[in-house]
Amino acid sequence: MTNLRPSPAPASARRRGRPPGKRDAHERREQLLDAAIRIIGQHGLAAATTRAIAEQAGMTQAMLHYSFPGKQALLNAVLERVHASTRTALQAATQDAPNLDAALQALMREYWRHVCADRLLQKVQYELTLAALRPGGDAELARRQYQGYVAMLHSVLAECAPAETSQVSLQCLAGTAVALMDGLILQLLAGEDEDAVQARLQAGLSMLRHQWTEGH
């Protein structure tokens, strides 16, 4: 009987076409980050093995390790993805703010909109934080995470504040805003009514603004 199965293409033919380049490497990294976020957000950090992440992304473990030297490097990149998306949203929200008070209001509104738009990212953030704080975890990762958020808000607010504004005071304001959002995000993820949580956000924002005005 004649064998109708096509013969494998020669190696030289298989190599033809667009060679892998920087764009391919970038796309591969983004696919792996997407896969890690899905697994962590839906099943928890314990389920996010390199094998599971690679399979979710349709890759081999070898391809994963080509993009990231280890699991910790991948988790750090996930955290930076979360930070980058938040940073972009907040900077755009306060771009045309005429003063610090307007910037604070715009910043908190956009922060909340960003949270509600992708709750999976928020779950991933908390998974990484809690895992880092457990025995044997990377406590430095948790510290960098919160330092990053406070620094991000501080930077955005400083762009709208008068030159003579105390940077220490701005740092305190940014840290307090992060703490407020942290609690509200946990309430939202725990199943609290979104409208009720948003009302608490408005109340918290009013208190922040009043405290800042009284102190300055």
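Glutamate 110 touches Ala89, Leu90 and Ala93, leaving aside residues up to four places away in sequence; contact here means heavy atoms within 4.5 Å. This is a predicted model, in which local features need pLDDT of at least 70, side-chain atom pairs count only at pLDDT 80 or more, and totals for chains, interfaces and linings use all residues. Residues are numbered from 1 along each chain as its sequence is written, and side-chain values use heavy atoms, with hydrogens and water left out.

Glutamate 110 lies in helix H6, residues 100–117; helices are DSSP runs (H or I, at least four residues), numbered from the N terminus. Is glutamate 110 buried or exposed? Glutamate 110 counts as buried because its relative accessibility is 17%, where buried means under 20% relative accessible area (1.4 Å probe, protein chains only).

The partner helix, H5, covers residues 71–93. Among the buried residues of H5 are Thr86, Ala89 and Leu90. H5 and H6 pack at an angle of about 140°, their axes 9 Å apart; axes are lines fitted to C-alpha atoms over the stretch in contact, and angles run from 0 to 180 degrees between N-to-C directions. Ser85, Thr86, Ala89, Leu90 and Ala93 of H5 meet Ala106, Leu107, Glu110, Tyr111 and His114 of H6.

As to confidence, the mean pLDDT of the protein chain is 84, pLDDT being the predictor's confidence in each residue, from 0 to 100. Over residues 1–20 the pLDDT is below 50. Where pLDDT is low, the predicted coordinates should not be read in detail.

Technical notes. Helices (H or I, at least four residues) and strands (E, at least two) are DSSP runs, numbered from the N terminus. The expected span of a helix is 1.5 Å times one less than its number of residues. Buried means under 20% relative accessible area, exposed over 50%, partly exposed in between (1.4 Å probe, protein chains only).
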